[in-house]
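Subject: Handover of a structure for your review

Dear colleague,

Please find below the structure that I am handing over to you.

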Amino acid sequence: MNNKNGNIVLIGFMGCGKTTFGKWISEHYNMDFVDTDEYIEGKYKRLIRDIFSEDGEETFRDMETEAVKELGETLENTVVSVGGGLPLRKINQELLKKTGIVVYLETSKEELVRRLKNDDTRPLLQGCDLQERIDSLMKQREDIYKSAADMILPTDGLSFEEMYRTIMGIEGITIF
Ligand code: S3P
């Protein structure tokens, strides 16, 4: 796989572990780390939930596209954790592919419900039946995540070390 700038881009549903795993890789394998949500919050000095409630989702999606354009031009040797909805736009998918190897962290719905049941930071999951919301968003997104990715990495039951080794091909790359 061609990954000349050495970046790893992690995509997947909210709660799939992009940020936690991305930080772990950066700490253990001497890489930098960027999270697109943190980047946007830092750039605009506003919380994501305030952007959603004050300006609406579309404005946030525009900010994501700007962010991925800016980051893609400069990053090297970096793990990029990408907000769960960012890969939905076609232009973002192209920009992500140019940024580095795109890895979809595939996590079961049961595991996502377990991890997200007490979350109050994600606007799309508030005031709803969590399981139903995850089901319907997953239905819209699953195929997009898969086609946006260079590699699909099932995460349930795997340690971070096993996940990392799979990405690096040490235990046989699972590229479809
Ligand atoms: C979103 C995912 C969130 C954040 C925002 C919208 C989504 O990021 O960007 O709440 O549409 O899936 P995480 O995937 O890091 O939770």
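The notes below cover the ligand site, the core, the aromatic pairs and some individual residues.

This is a predicted model, in which local features need pLDDT of at least 70 and side-chain atom pairs count only at pLDDT 80 or more, while totals for chains, interfaces and linings use all residues. Residues are numbered from 1 along each chain as its sequence is written, and side-chain values use heavy atoms, with hydrogens and water left out.

Ligand site

There are 13 residues around the ligand, and those that come nearest are K18, D37, R61, R122 and R141; a residue is near a molecule if one of its heavy atoms lies within 4 Å of it. From G84, a polar backbone atom is 2.8 Å from an oxygen atom of the ligand. The ligand taken alone exposes 380 Å², of which the protein buries 96%; accessible areas come from the Shrake-Rupley method with a 1.4 Å probe, and for residues only the protein chains shown count as cover.

Core and helix packing

In soluble globular proteins, nonpolar side chains tend to be buried together. Here the largest nonpolar core has 51 residues, of which I11, F13, F21 and V103 touch the most other members. Such a core is a set of buried Ala, Val, Leu, Ile, Met, Phe, Trp, Tyr and Cys residues joined through side-chain atoms within 4.5 Å. Helix 7 gives the most to this core, with six residues.

Helices (H or I, at least four residues) and strands (E, at least two) are DSSP runs, numbered from the N terminus. Buried means under 20% relative accessible area, exposed over 50%, and partly exposed in between (1.4 Å probe, protein chains only). The buried residues of helix 1 are K18, F21, G22, W24, I25 and S26. They pack against strand 1 (8-11), strand 2 (32-35), strand 3 (78-81), strand 4 (101-106) and helix 8, where contact means heavy atoms within 4.5 Å. In helix 6 (residues 109-116), E111, L112, V113 and L116 are buried, and the buried residues of this helix pack against helix 7 (130-148).

Aromatic pairs

Rings of Phe, Tyr and Trp (its six-membered ring) pair if their centres lie within 6.5 Å; planes under 30 degrees apart count as stacked, over 60 as edge-to-face and the rest as tilted. By this rule the count comes to seven aromatic pairs. The ring centres of F21 and F160 are 5.1 Å apart and their planes stand at 45°, so this pair is tilted. Because F21 lies in helix 1 (residues 18-28) and F160 in helix 8 (residues 160-168), the pair ties together parts that are 139 residues apart in sequence. F21 is buried, with a relative accessible area of 0%, whereas F160 is partly exposed at 28%. F52 and F60 also form a tilted aromatic pair, 5.1 Å centre to centre with 45° between the planes. F52 is buried at 14% relative accessible area, and F60 is buried at 3%.

Ring pairs also link F21, W24, Y29, F160 and Y164 into a cluster. Leaving aside neighbours within four places in sequence, F21 is in contact with L10, L105, F160, M163, Y164 and I167.

Individual loop residues

Which residue takes a positive phi just after helix 1? That residue is N30, with a phi of about 55°. N30 sits in the loop between helix 1 and strand 2 and is exposed, at 66% relative accessibility. K45, a residue other than glycine, has a positive phi near 55°. K45 is found in the loop between helix 2 (36-44) and helix 3 (48-55), and is exposed at 71% relative accessible area.

T107 belongs to the loop between strand 4 and helix 6, and is buried with a relative accessible area of 7%. Its side chain makes a polar contact of 2.9 Å with that of T155. A polar contact is a pair of N or O atoms within 3.5 Å; within protein, one must be able to donate a hydrogen and the other to accept it, and residues adjacent in sequence count only if both atoms are side-chain atoms. Not counting residues up to four places away in sequence, T107 touches C16, L112, R115, M138, T155 and D156.

Yours sincerely
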